[in-house]
Amino acid sequence: MRDRGSTWLAELQDVSFRYGTRQILDGVTLRFQRGRVTAIMGPSGTGKTTLLRLIGGQIHADRGRVQVAGRDVARLSRAQLFELRKRMGMLFQSGALFTGLSVYDNVAFPLREHTALPEAMIRDLVLMKLQAVGLRGARHLMPNQLSGGMARRVALARAIALDPMMIMYDEPFTGLDPITLGVIMKLIRKLNDTLGLTSIVVSHDVQEVTAIADYVYLLSGGRVVGEGRPAELLGSSSGWVRQFMHGLPDGPVPFHYPAPDYGADLLDGARESA
Amino acid sequence: MMSSLQRLGRMTLRFFARLGRGNLFMLRVLAGMPSVLPRFRLLVAQVYHVGFLSLPIIVVASLNVGMVLGLQMYNTLVDFDAESALGPVVALSLVRELGPVVAALLFAGRAGSALTAEIGLMKATEQLSGMEMMAVDPVRRIVAPRLLAGIFALPLLAILFSAVGIGGGYFVGVGLLGVDEGAFWSQMQDKVDWREDVLNGIIKSAVFGVVVTWIAVFEGYEAEPTAEGVSQATTRSVVFSSLAVLGLDFVLTAFMFGEP
Amino acid sequence: MNKTAVIEVLVGLFVAVGVAALFILAFKVSNLRSVGDGEGYVLYARFDNVGGLKVMSPVRAGGVLVGRVVSIDYDQETYEAQVTMRIDAHYDRFPVDTTASIFTAGLLGEQYVSLEPGAEEDYLADGDEIQLTQSALILEQVVGKFFYGQMTQ
Ligand SMILES: Nc1ncnc2c1ncn2[C@@H]1O[C@H](COP(=O)(O)OP(=O)(O)OP(=O)(O)O)[C@@H](O)[C@H]1O
Ligand SMILES: [Mg+2]
């Protein structure tokens, strides 16, 4: 598969998507530059994971276009899509390790499925990837014997097993202790730079993202409300951006899920029980 | 009145929609079969799970059923001075009906439910999704070998059920109640026909194998990806496949043993 | 041994046990061996009444299973039932004046064809018809005749 060598490895143009009647994404445009770490940030439930699924071709946009490596993801046949996916790694929010397979077999899985390499070679590759995430010694463990942070590192090793051109990380930082957090951050940066990957990091952790991302998109209510280099965003004067980047409780982003007036709701309850 | 009619209509439509989806799913699995067959290892692992691990329950249940049959039939036959017919009676009930049916019901409870729960949990924990993102089709990699293993294992289990059950009947009839050993076996051989009885029973169990495993993997694959959804799917899997076995048994029996 | 090897052995065991059970069903429980299809030879016999005789009913000589009924037809020319029997190949010495009778095993048992050899030197061969036959005893007819006899006396 050839790509056209443009600066942008992946692009979403004016993409809208809804689940049932709920509009999740409403005309967003994002571009991901080759060899860079691009972050997508936003409050919970704004459709960040949905966005990654769109890029991976697991769901299709209602409107707009999703392009990866110059190809319209929605237009690909199943076989072509699978070809493309071999070159994309994805780290799921939950890790999504195969619970029936050991750490070693999990990392070996994509290699065994997609290559005809002899077992000795697969072993070398698996150990290499596990070494990269610091878990070569844990290769005999089963996923249920791993801590959350370890599981994520194994998932990372598995995601880079086929040497993809791009990795998508869904919430790689949540629920980690400071040491593991630092390790994962370094890993993302290191893998990006040494393997020449393009990385997309979905997160709502401002500090971590500003530390490793080259470019940041800020998503809210299904729209892109801010974008730029981390430093630019931190200094932004926009209400949305300021509120999110500095973690302010009050501002344009509502903290509450849409609901009828609080006082009226309480009174309703009183009336019902009366 | 209107609303219950409406509900009946909706349930009917939903049933057929589900049946249709089940058939489409089966087609997808069948399309994936050719890529599974050469991967012998995958198949062996699944035969272990659905077949070998079902051995204890099958052996215990069949021994019990055979012994009870032997005892009860003896009590009836002895009144007609026909206890020498114990062999054929026990063998025919097992080979034609009880072997295929009870083995299939146990299989649905033991292996079918495990398949549904396993696939449903894989779905709930994003393992299937993750596999798709790794450009591996879960229908081929996960579902197809399980279906194949189930279709292969159930007939073997049913055959074993019949054989062990007959052994149980022999133990009670000949060993404990004193039926003549020669009469037990020779009458059995005389009355039980290889093709009419044994082979038809095996064909039955093969059909059950397809249906039970199909329902199990389909329910797992269609499960709501939550803990609740998976538990409901597991229940549905056992209930539906048991009902399907009982219903199909009636139809197949009418076909096979109705009139020569 | 590693885990995969253990599983493979156990699966092998499972299949072996299943196949062994199949052999038991084939040779110990059913009659796969005794009268196979295609082997043996065919004899015909006509009866006024076959009673409850069925396809696959046994054919016995001296109480020993020697063959099975393969078809039963009604001949509209002679108004008789024509029974086709397949006899095991190694029972090839039934004299041409052999009698075929339809008997019942026990009071309530199933019906079978019994062959009683005659005295001739020539033997029946494939496709021959047994000339001497005796129809099934129909319980109602016997009882009926008995009462009729009583009344006319
Ligand atoms: N399969 C689905 N069916 C219906 N609605 C869904 C489905 N998946 C997600 N949603 C809805 O889509 C919205 C966006 O979900 P998404 O998982 O993309 O959020 P997110 O930005 O990743 O949130 P978080 O940061 O909590 O992971 C959520 O409000 C959710 O309710
Ligand atoms: Mg998410």
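This is a chat about a predicted model with several chains and a ligand.

Student: Hi! Let's start with the chains. Which pair of chains that touch has the most contacts?

Tutor: Hi! That is the pair of chains B and C, out of two pairs of chains that touch.

Student: And how far apart are the closest C-alpha atoms of chain A and chain C?

Tutor: They lie 12 Å apart, and no contact joins chain A and chain C.

Student: OK, chain B next. How many helices and strands does the secondary structure of chain B come to?

Tutor: Nine helices and zero strands. Reading from the N terminus, the elements simply run α-α-α-α-α-α-α-α-α. The C-alpha trace of chain B spans about 70 × 55 × 35 Å along its principal axes.

Student: What share of chain B counts as buried?

Tutor: Of its 260 residues, 52% are buried. As for the surface, chain B exposes about 11,600 Å², with carbon and sulfur atoms supplying 69% of that area.

Student: What part of the contacts in chain B comes from residues 24 or more positions apart?

Tutor: Counting contacts with a separation of 6 or more, such residues account for 84%.

Student: Can we zoom in on Ser129(B)? Where is its place?

Tutor: Ser129(B) is in helix α5 of chain B, which covers residues 127-133.

Student: What is Ser129(B) in contact with, leaving aside its neighbours within four places in sequence?

Tutor: Its contacts are Arg53(A), Gln58(A) and Phe92(A). With Arg53(A) there is also a polar contact of 3.0 Å between the two side chains.

Student: Nice. Switching to ligand 1: which residues come nearest?

Tutor: Ser44(A), Gly45(A), Lys48(A), Thr49(A) and Thr50(A), out of 13 residues around ligand 1.

Student: Which N or O atoms lie by the oxygen atoms of ligand 1?

Tutor: For one, a backbone N or O atom of Gly45(A) is 2.8 Å from an oxygen atom of ligand 1. A polar backbone atom of Thr46(A) is 3.3 Å from an oxygen atom of the ligand. From the side chain of Lys48(A), an N or O atom lies 2.8 Å from an oxygen atom of ligand 1.

Student: How much of ligand 1 does the protein bury?

Tutor: The protein buries 63% of the 630 Å² that ligand 1 exposes when taken alone.

Student: And which elements give two or more residues to the shell around ligand 1?

Tutor: Those are β2 (22-33) and α1 (48-55) of chain A. The largest share, three residues, comes from α1(A).

Student: Which residues of α4(A) are buried?

Tutor: Ile122(A), Val126(A), Leu127(A), Lys129(A) and Leu130(A). They cover an arc of only 165 degrees around the axis, so they sit on the same side of α4(A). Ala120(A) and Met128(A), on the other side, are exposed.

Student: What do the buried ones pack against?

Tutor: The buried residues of α4(A) pack against α3 (103-114) and α5 (148-159) of chain A. Just after α4(A) comes Gly134(A), with a positive phi of about 75 degrees.

Student: How about helix α9 of chain A: which residues are buried there?

Tutor: In α9(A), residues 239-246, the buried ones are Val241(A), Gln243(A), Phe244(A) and Met245(A). The buried residues of α9(A) pack against several elements of chain A, including β3, α7 (206-212) and β9 (215-220). Just after α9(A), Gly247(A) has a positive phi of about 65 degrees.

Student: Last one, Ala39(A). In which strand is its place?

Tutor: Ala39(A) is in strand β3 of chain A, residues 37-41. Ala39(A) counts as buried because its relative accessibility is 1%. Beyond its neighbours within four places in sequence, Ala39(A) is in contact with residues including Val201(A), Val209(A) and Tyr217(A).

Student: And how far is Ala39(A) from Ile24(A) in space?

Tutor: They are 19 Å apart, C-alpha to C-alpha, and 15 residues apart in sequence.

Terms used
Residues are numbered from 1 along each chain as its sequence is written. Chains are lettered from A and ligands numbered from 1 in the order in which they are written. This is a predicted model: local features need pLDDT of at least 70, side-chain atom pairs count only at pLDDT 80 or more; totals for chains, interfaces and linings use all residues. Side-chain values use heavy atoms; hydrogens and water are left out. Buried means under 20% relative accessible area, exposed over 50%, partly exposed in between (1.4 Å probe, protein chains only). Helices (H or I, at least four residues) and strands (E, at least two) are DSSP runs, numbered from the N terminus. The arc is that of the directions from the helix axis to the C-beta atoms. Contact means heavy atoms within 4.5 Å. A residue is near a molecule or strand if one of its heavy atoms lies within 4 Å of it. A polar contact is a pair of N or O atoms within 3.5 Å; within protein, one must be able to donate a hydrogen and the other to accept it, and residues adjacent in sequence count only if both atoms are side-chain atoms. Accessible areas come from the Shrake-Rupley method with a 1.4 Å probe; for residues, only the protein chains shown count as cover.
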